[in-house]
Amino acid sequence: VEVVYTNPNLELAVIEDYIRRALQSVLTKNFSIELVQGRETPWIRPWYEDPNHPLVQAAVHEAGEIMHRPMERRYAQGVADENMLAHMDIPIVLFPPRAQDEHKVTERGDVSYIDTAMVPFLHGMAGTKRNLVDWQAH
């Protein structure tokens with residue numbers, strides 16, 4: 001079972017207890033539960049950036065311009081360095097790729113989304129407003 005947690009008020013032990021109790025309610029006797037973290041980084045609470053932070057406001061505005069719709073702000077629990085940096089008071093904004101079958105052998109990303117959304121977002125945040133990447137030249 002892969003667990004994605006987004007409630008910063010829950011300690012890891014509480015999350016583990018919820019999982020244990022849920023499994024015990026449906027499984028028969030003679031089973032065991034082993035909780036294993038699949039990542040090398042330590043467990044860290046999700047974070048929520050201050051919505052008034054200038055980086056957050058600029059990112060929400062820029063992403064909304066590119067996606068032509070209001071952007072959702074929510075608790076996050078990234079899987080790289082962002083969760084650690086956020087807890088070091090370094091502001092973090094995620095603009096994730098569009099993908100299918102995440103964390104499975106069939107995982108794949110939408111390369112056109114990189115061109116149409118992610119690259120323009122980065123250029124917009126950098127103030128360069130450049131066109132798409134020429135993938136043929138790279």
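User: Which residues make up the largest nonpolar core?

Analyst: This is a predicted model. The largest nonpolar core has 9 residues: Ala59, Ala63, Ile66, Met67, Phe95, Tyr113, Ala117, Met118 and Phe121.

User: Which elements give two or more residues to this core?

Analyst: H2 and H4 do.

User: What does Phe121 touch, leaving out residues up to four places away in sequence?

Analyst: Ala59, Glu62, Ala63, Ile66 and Phe95.

User: OK, the helix pair. At roughly what angle do the axes of H2 and H4 cross?

Analyst: Roughly 145°. H2 covers residues 54–67 and H4 covers 111–126, and their axes come within 9 Å. The crossing is right-handed.

User: Which residues make that contact?

Analyst: From H2, Leu55, Ala58, Ala59, Glu62, Ala63, Ile66 and Met67. H4 answers with Tyr113, Thr116, Ala117, Pro120, Phe121, Gly124 and Met125.

User: And by class, how many are nonpolar, polar and charged?

Analyst: The contact of H2 with H4 has 11 nonpolar, 2 polar and 1 charged residues.

User: Zooming out. How many helices and strands are in the protein chain?

Analyst: 4 helices and 2 strands. From the N terminus, the order is α-α-α-β-β-α.

User: What share of the residues is buried?

Analyst: 25% of the 138 residues in the protein chain. The accessible surface is about 10,500 Å², and carbon and sulfur atoms hold 53% of that.

User: What about contacts with a separation of 6 or more: what percentage comes from residues 24 or more positions apart?

Analyst: That figure is 60% for the protein chain.

User: Where does His68 lie, then?

Analyst: In the loop between H2 and helix H3, which spans 82–86.

User: Is His68 buried or exposed?

Analyst: Exposed: its relative accessible area is 71%, and the cut-off is over 50%.

User: Last one, Asn83. Why is Asn83 called buried?

Analyst: Because its relative accessible area is 0%, and buried means under 20%. Asn83 lies in helix H3.

User: How far apart in space are Asn83 and Trp47?

Analyst: 7.2 Å, C-alpha to C-alpha. In sequence, Asn83 and Trp47 are 36 residues apart.

Technical notes: Residues are numbered from 1 along each chain as its sequence is written. This is a predicted model: local features need pLDDT of at least 70, side-chain atom pairs count only at pLDDT 80 or more; totals for chains, interfaces and linings use all residues. Side-chain values use heavy atoms; hydrogens and water are left out. Buried means under 20% relative accessible area, exposed over 50%, partly exposed in between (1.4 Å probe, protein chains only). Contact means heavy atoms within 4.5 Å. Accessible areas come from the Shrake-Rupley method with a 1.4 Å probe; for residues, only the protein chains shown count as cover. Axes are lines fitted to C-alpha atoms, for helices over the stretch in contact, and angles run from 0 to 180 degrees between N-to-C directions. A crossing is left-handed if the near helix is turned anticlockwise from the far one by less than a right angle, and right-handed if clockwise. Ala, Val, Leu, Ile, Met, Phe, Trp, Tyr, Cys and Pro count as nonpolar, Asp, Glu, Lys and Arg as charged, and the others, Gly among them, as polar. A nonpolar core is a set of buried Ala, Val, Leu, Ile, Met, Phe, Trp, Tyr and Cys residues joined through side-chain atoms within 4.5 Å.
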